Amino acid sequence: MDRTEIENLIARVALKDRAAFDLLYERVSAKLFGVCLRVLNKRAAAEDAVQDTFVKIWNNADRYRANGLSPMTWLITIARNTSIDRLRARRKGHMDLNTPGFELVAPDPSPEQYAVASSEAARLSGCLDTLEADRGSAIRGAYLDGQSYADLAAKFNVPLNTMRTWLRRGLIALRECMSQ
Amino acid sequence: MSEDVQNPAEDDDFLAVEYVLGLSDSEALEECIRRLRSDSAFAARVAGWQERCVAMTDDIAPVAPRKKVKQAILAELFPKKSVPLLDRLWVWKGFTIASLVLAGYVAFPTLRPSDPVLPDTVYATQLRGDSALEVLAVLDPAGGEIALRRLVGEAPDGRVLELWAILPDQAPISLGVIPQGEAVRVALPEALGAVATQITLAITDEPPGGAPNGAPTGSVMAAGAVSEL
């Protein structure tokens, strides 16, 4: 997917250009629907989630630049967060995940930091595989299946605080691996 | 445990990644939201983890959604004309028909002083956005003018408001800097009047004198799609 093209389309959608919205839908809807389907695992729920996702994109495109993310990261994160929110909606006391750019974000994001982050990101999958299998699976479980600490603790049969310490070590190791 | 030794950078990093993964408890979530607004280093950490984590979706195969999904999106965002226009334009914000009558009254008697009859076809939209600015626009293609009524909000200090017409597949067309005042008029080029229902009007904030190169440079303060009244 061409970064500049997607970025231009988002900029035009921010100006409420419907033709650009059509084109953006054509370019990214299959990827975003794939993500919704992966998280929700049910076609009807994923269709609702991808619909919500595009409504949010239309309504918030003008805030895209504020968050400093690459365009596909922004779009996929909206789809992922919207799906996880749907997944968790039935749980008591659930607070919706925040979608990047929907909150006011402090200005002055340094472009270099993001450049580093996106080159690192390419190494994530490889690095997840170098973690102890359980830790990699816990991180994926949280990100792609919306699992909470309580879910993860139950899954791996450890106390909740242990789970948190465990994940923290995993993430430190992950970061070290990715920055190498 | 050595991992729990105080290390502010590492604590912040963990706070950021828990937020991105959706693991924050409500207290941490509030802290994150607060710091995202004010702490650009923290915002950069969050963005960095969002970039890293999104790589977990790289292996997810695209699946084209069914056609009805797009139809549902378009129906939600752009309700068909059969939805009473008055509902769309005014009722959301508690406007009454009085606003409309007032707008018409303000716009037209002075537009066409010798002709008390309203034009056959009038187009209108309410421009809104994230800023406090809200502007009502009534388009009169026959008279070649757009009447604007500012309901609330104003240009940021040291900036001016510029009006743009956006048509599918075209760069925004400047309709000029909006004059000061609550109710003002700008010219509507004939070519645009002919395609009024395809226009989306948008207002950006620009340096004094307007966007220097004929393309918007400021943020979109308000926008609205034009419909027939």
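How many salt bridges are counted between chain B and chain A? The count is eight, a salt bridge being a side-chain nitrogen of Lys or Arg within 4 Å of a carboxyl oxygen of Asp or Glu. This is a predicted model, in which local features need pLDDT of at least 70 and side-chain atom pairs count only at pLDDT 80 or more, whereas totals for chains, interfaces and linings use all residues. Side-chain values use heavy atoms, with hydrogens and water left out.

**Extent of the interface**
- The contact (heavy atoms within 4.5 Å) takes 75 residues from chain A and 64 residues from chain B.
- About 6,300 Å² is buried between the two chains, and carbon and sulfur atoms give 63% of that area; buried area is the accessible area (1.4 Å probe) lost on putting two parts together, summed over both.
- On the side of chain B, Glu51(B), Arg52(B) and Met56(B) lose the most area to chain A, together 12% of what that side buries.

- Glu10(B) forms a salt bridge with Arg168(A), and their closest N and O atoms are 4.0 Å apart.
- Arg168(A) is among the buried residues of α9(A), as are Trp166(A) and Leu167(A), where buried means under 20% relative accessible area (1.4 Å probe, protein chains only).
- Helix α9 of chain A covers residues 160-179 and reaches 29 Å from its first C-alpha to its last, close to the 28 Å expected at 1.5 Å a residue, that span being 1.5 Å times one less than the number of residues; helices are DSSP runs (H or I) of at least four residues.

Definitions and conventions. Residues numbered from 1 in each chain as written. Chains lettered and ligands numbered in written order. Helix = DSSP H or I, 4+ residues; strand = E, 2+ residues; numbered from the N terminus. Buried < 20%, exposed > 50% of the residue type's maximum accessible area, 1.4 Å probe, protein only.
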